[in-house]
Protein chains: 2
Amino acid sequence: MNEPNPTSVLSESTSETQPSVYEMIREDIISARHEPNARLKVADLAELYGTSTNPIREALQQLRGEGFVVMEPNRGARVVAIDEDFVRDIIEIEVLIEPALTKWFVSIVTDADIAELKAVQADIEKLNFADPRQHGELDTKFHQLIYDRHYNRHAAELWWKHREILRAISRRFPTSLSRRQAVLREHRELIEAISAQNAERAAAVVARHVEGSGRHIIEQMGVARRVKPPKNSI
Amino acid sequence: MNEPNPTSVLSESTSETQPSVYEMIREDIISARHEPNARLKVADLAELYGTSTNPIREALQQLRGEGFVVMEPNRGARVVAIDEDFVRDIIEIEVLIEPALTKWFVSIVTDADIAELKAVQADIEKLNFADPRQHGELDTKFHQLIYDRHYNRHAAELWWKHREILRAISRRFPTSLSRRQAVLREHRELIEAISAQNAERAAAVVARHVEGSGRHIIEQMGVARRVKPPKNSI
DNA sequence: AATAATAGAATAATGTATGATCTATTCGAT
DNA sequence: ATCGAATAGATCATACATTATTCTATTATT
C-alpha cells in the first residue's frame, strides 16, 4: 500500500518512500533547477544525486520517453526546450481533452464533489495569488478533482503530464491582474455549470479557461524573451 | 543526414543504420512477438538481442516512458496489457485529436495533396484487403498524408504512437466485410470533403472513421477473448 | 601573414562485464 | 496453513573498453 507506482505518474503524492532518481530529476526539470536546454551529463548527475551512472542513464531514458528530455545519438541528453510553440502544442491538445473529460465529470458528479470543488475554490480566492507556488498547487487540485477519477486513464495521465509542464513554466512568470480575475471568474462559472448539470456549458468554460491560460503563458514567455536574450542558444 | 533521430518517433523509415535495441524491442512488442502481458526479463532480452543488460534496461525504461511496457518496482517489466479498455481509451483521444488535425489540413491542402490522397486510396481499393499487413501500411500512409505536416508536432506524434499500437492490434484480427466497406466509403467521403474545402464535414467523417475503427477492433478483441481464454492471466 | 586543414588530446557517451545487495516468489519442513 | 530457507531476478555499484564529438595546437597552403 505504501509502494510508489512509477508507472502511473498520477499517484505520486501518496508515496512515503524516498523519491527515486527518476522522480528527482523529473522534479528538478519541472521546477527548472535544470534549465531548459541544459545538458544533462550522466557523470554530473550521478554525483549530484549520489548514485552510480547506471540509474541516471535509465532515468534519462524514461524521461526521454515521456518527452521531458531530448537525446541525440552520442551527444547525450538535454532538458527539452520549452518555447512558445511547445506550449501552444500542448495547450491545443488540452483544449480538446479537458472539455471532454469535464463533460463526463458532469454526468457523474455528486453533491460531495461540488462541495469539495467549492472548498478548494474558496481556498484559492482566500489565497488570492499571494503565493504563486501555493496557488499552483490549489489550482491543480481544483482541476484534479474533475479529471482524476475519469475512466480514461490515458487521457487523465496525458492531462497530468501536460499540467505539470505548464505548472512548471507558470511558476517562473507573474500572473497578470486581468488573468487572475479571469481565472477566478472561470472557476466560478465552471462550478456553476457543473452544479446545473450543464455539460456543454461546462465544457465550453473549460475550453476557454485552458485557452486563456495558454495565451497568458505564451504572452509572458514573449515578454521574458524580449527582456533578457536567451543564454542557452545552441 | 543519415543519422537516425530516436527522439522523434515519426522519422524512422529513413534510417539506414541498424536498428537500436530500443527499436527492436519496440517493434517486437508492436508486432506481438512479445505477447501482451509477457514478462520482459533483462537477462533473456540481453541474450535475445545480443547485447549486455545495460542497453536493455535503458530501452525498457524508454518504452515505459512511452507506455509500451509497465514496470513494477523489483518485479521488472511486462508488455503492456492491451485490452478493450486500453483501445477504448486511445480511441477516445484520437476521436478528439484527428478531427482537429484534419480541419487544419483542409485549410492548407493543395491539388497535389489531394492527388496523392487519391492515389493511395486507389492502391487501397486495388489491394482490397488481400494482404492485411500491406493494407495496414497503405491505410497508415493515407492518414499520414493528412497529419504528418501538421505544425503541432506533439499532436502528430501522439497520433503516430496511437496509430502504431492500433495497427499492431488490428494485424492480429480479421477485418469484417462490413468494416471493409465502411473504411473505403469513409475514405472516399473524406477525400470529397477535403476537396470541397469543407473542414467541418471532413472532421465529422474522420471522427466517425476513428470511432468505427475502434469499435471494430474492440468487437474483434471480444470475439477472440471468448474463443480462447487468456493464457497470460496474472 | 592569414586562413584552412589536420592531428591529437580531452570530454563524454555508449557498451560490456562482474559482483553485491535487495526483493519477491517458490518450495520444503514443521 | 505457516514459517523459513532457497532461488530467481531486479537493482545498483564499479571498472573498464570503445567510440564519437569537441577543442586545441600544429602544420600546410595560398
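In β3(B), E72(B) has G76(B) as its bridge partner. This is a predicted model, where local features need pLDDT of at least 70, side-chain atom pairs count only at pLDDT 80 or more, and totals for chains, interfaces and linings use all residues. Residues are numbered from 1 along each chain as its sequence is written, chains are lettered from A in the order in which they are written, and side-chain values use heavy atoms, leaving out hydrogens and water.

**Strands in chain B**
- Strand β2 (residues 69-72) of chain B pairs with β3(B) in the antiparallel sense over 4 bridges (pairing takes at least two DSSP bridges; strands are DSSP E runs of at least two residues, helices H or I runs of at least four, numbered from the N terminus).
- The two make a hairpin with 3 residues between them, and N74(B) in the turn has a positive phi of about 65°.
- On β3 (residues 76-79) of chain B you'll also find strand β1 (residues 39-40) of chain B, antiparallel and joined by 2 bridges.
- There, R39(B) sits opposite R78(B).

**Helices in chain A**
- Helix α4 (residues 84-108) of chain A packs on helix α6 (residues 132-147) of chain A at an angle of about 65°, with axes 8 Å apart (axes are lines fitted to C-alpha atoms over the stretch in contact, and angles run from 0 to 180 degrees between N-to-C directions).
- E98(A), L101(A), T102(A) and F105(A) in α4(A) meet L145(A), I146(A) and Y147(A) in α6(A), where contact means heavy atoms within 4.5 Å.

**The two copies**
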